[in-house]
Amino acid sequence: MTSTPRRVSSNGPWEEEFGYSRAVELPNGLVLVSGCTSVVDGRIAEGGPYEQAVTAFGVAVGALEELGLGRADVVRTRMYVTHARDVEEVGRAHRELFGEVRPAASMIIVSGFVDPSLVVEVEVEAYREAESRGATR
């Protein structure tokens, strides 16, 4: 096992420009996924808050999968929404994806995102058991 963090890039448009990774796995097994929106291949997913949340969580879970983890490994989520009226729809998407996992979660209302068409951004944290860490490195 290495003591160096492992980094994953999605080659998203802002990663290089702003200097961040899509996900970072720490030597202690904690995996942090940067804020994910519904931007895929440079386009915002069609639909409302529910669809944007499903897509954003899909981006986050995709980063986890690159590191050999999945939804069941998620221990914390954060959901940022631009309107209180969207809380139920974003919460529904979260429940459908993580209802069995039941991670610690927060939903925060914010003033906006880099593109005004975006109404939700999510962050995910996951944990890899110690005995599983050596097998994927």
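Begin by selecting D86 and R85, whose side chains meet in a salt bridge with N to O at 3.9 Å; a salt bridge here is a side-chain nitrogen of Lys or Arg within 4 Å of a carboxyl oxygen of Asp or Glu. D86 is buried, with a relative accessible area of 7%, whereas R85 is exposed at 64% (buried means under 20% relative accessible area, exposed over 50%, and partly exposed in between, with a 1.4 Å probe and protein chains only). This is a predicted model, in which local features need pLDDT of at least 70 and side-chain atom pairs count only at pLDDT 80 or more, while totals for chains, interfaces and linings use all residues. Residues are numbered from 1 along each chain as its sequence is written, and side-chain values use heavy atoms, with hydrogens and water left out.

Next, select R78 and E123, which form a salt bridge of 3.3 Å, N to O. R78 lies in strand β6 (residues 74–81) and E123 in strand β8 (residues 120–127), so the pair ties together parts that are 45 residues apart in sequence; strands (E, at least two residues) and helices (H or I, at least four) are DSSP runs, numbered from the N terminus. R78 counts as buried at 19% relative accessibility, and E123 is partly exposed at 22%.

Then move to helix α3 (residues 87–98), where R92 and E89 lie 3 residues apart, about one turn of the helix. The closest N and O atoms of their salt bridge are 2.8 Å apart, and R92 is partly exposed at 28% relative accessible area, as is E89 at 32%.
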